[in-house]
Amino acid sequence: MRVLSGIQPSGHLHLGNYLGALRQFVDLQDRAQCLFCVVDLHALTVRQDPAALRQSTLEVASLYLAAGIDPQRAAIFVQSHVPEHAELGWLLGCLCTFGELQRMTQFKDKAGERESVSLGLFAYPALMAADILLYRASHVPVGDDQRQHLELTRDLAARFNARHGETFPVPAALIGAVGARVMSLQNPHEKMSKSSPDPRSRVELLDTPDQVRAKIRVAVTDSEREIRHDPEHKPAVSNLLEILALASSQSLAELQEHYVGLGYGRLKQDLAEAVVALLEPLQARQRELSAAPDHLRAVLGQGAELAHALAEDTMRDVRTAMGLLTAR
Ligand code: AMP
Ligand code: TRP
């Protein structure tokens, strides 16, 4: 089993990133060969301030470590440190059709918000497929919003193999049953996201305990007072219950039973304390890491070296298979 996943350094990480992705990364490192990437080239598909991008790249890398990824067991690296990502992204872009990319819902959502759209934003899924196939990954832990991109990656792997000979395993998505789609605290019909203009919509992993409590206190709820997990009729409360289930390691059924006869106020208080407790050790480690920037740089250097060796190996096969002439 070989695992690859990535998170964009396009803002501060939030509970959705943690529960949908990062938490799974930590669990997988004992069971599989793992590579975790900070996908800075993906972040550039929308405009970024250069200094903020550099800062955010280091922050995401430090949160990988703070969440418990052990660099002795898993490679942690920055996407742009391994230039083969961009090269394979181009090659897969030549295998991928305009129509396929046009059907991507994340593209439609992001493109709909702006008046001009970069070629990079359109080609984003081909680059993501390259991230995965470059390491011949078998499994990709992601949140539910990446399901369609993973399907395209699988199609591209199969298409490549059919046209050019067996080269890539067809990778499987690993999407958790609970927490794969954490919703905004202000609008339960929208996913929690780094880019929402309302900071109360998300709990960020580096929020102070008081910020966490305040955001959860003003989270929207549903009509009726009953606390039950019913995403269709009670989307806001169901979202709070899912976060609580993961933060407190209880099942949804246990929680539902526990809250019979209790009100939303109590649920929010318990949730706030569970999230504060969940984030506390992560934040403590993050503070230590930010005091030792050389350590983080060394981890990223070592990760890039390991990733690069694997990437070179794949690219030799890919170039030959596609008919690119060797330099000598
Ligand atoms: P991104 O922030 O878009 O780079 O996403 C990084 C990872 O976090 C991906 O695996 C996403 O699927 C996951 N993710 C992002 N937002 C959420 C969310 N609201 N709920 C669950 N997973 C999420
Ligand atoms: N597209 C993913 C997101 O926005 C990030 C990503 C880029 C990724 N490359 C990847 C995730 C490779 C998994 C594997 O969330």
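Here are a few notes on the packing and the ligand site in this predicted model.

1. Start with the nonpolar packing. The largest nonpolar core holds 59 residues, and the ones touching the most other members are Leu-22, Tyr-64, Ile-69 and Val-275. If you want one element to look at here, pick helix H12 (residues 264-290), which gives the most to this core, with ten residues.

2. Skip its neighbours within four places in sequence, and Ile-69 is still in contact with Leu-22, Phe-25, Val-26, Gln-29, Phe-36, Tyr-64, Ala-74 and Ile-76.

3. Now for ligand 1. It has 18 residues around it, and Gln-8, Gly-143, Asp-145, Val-182 and Lys-194 come nearest.

4. Which atoms of Lys-194 and ligand 1 lie 2.6 Å apart? On the protein side it's a polar side-chain atom of Lys-194, and on the ligand side an oxygen atom. Asn-17 also places a polar side-chain atom 3.0 Å from a ligand oxygen atom. With Met-192 the backbone is involved: one of its polar backbone atoms is 2.9 Å from a nitrogen atom of ligand 1.

5. How much of ligand 1 does the protein bury? Taken alone, the ligand exposes 480 Å², and the protein buries 92% of that.

Methods: Residues numbered from 1 in each chain as written. Chains lettered and ligands numbered in written order. Predicted model: local features only at pLDDT ≥ 70, side-chain atom pairs only at ≥ 80, totals over all residues. Heavy atoms only, no water. Core = buried A, V, L, I, M, F, W, Y, C linked by side-chain atoms within 4.5 Å. Buried < 20%, exposed > 50% of the residue type's maximum accessible area, 1.4 Å probe, protein only. Helix = DSSP H or I, 4+ residues; strand = E, 2+ residues; numbered from the N terminus. Contact = heavy atoms within 4.5 Å. Near = heavy atom within 4 Å. Polar contact = N/O pair within 3.5 Å; in protein donor to acceptor, adjacent residues only side chain to side chain. Areas by Shrake-Rupley, 256 points an atom, 1.4 Å probe, with all protein chains shown as cover.
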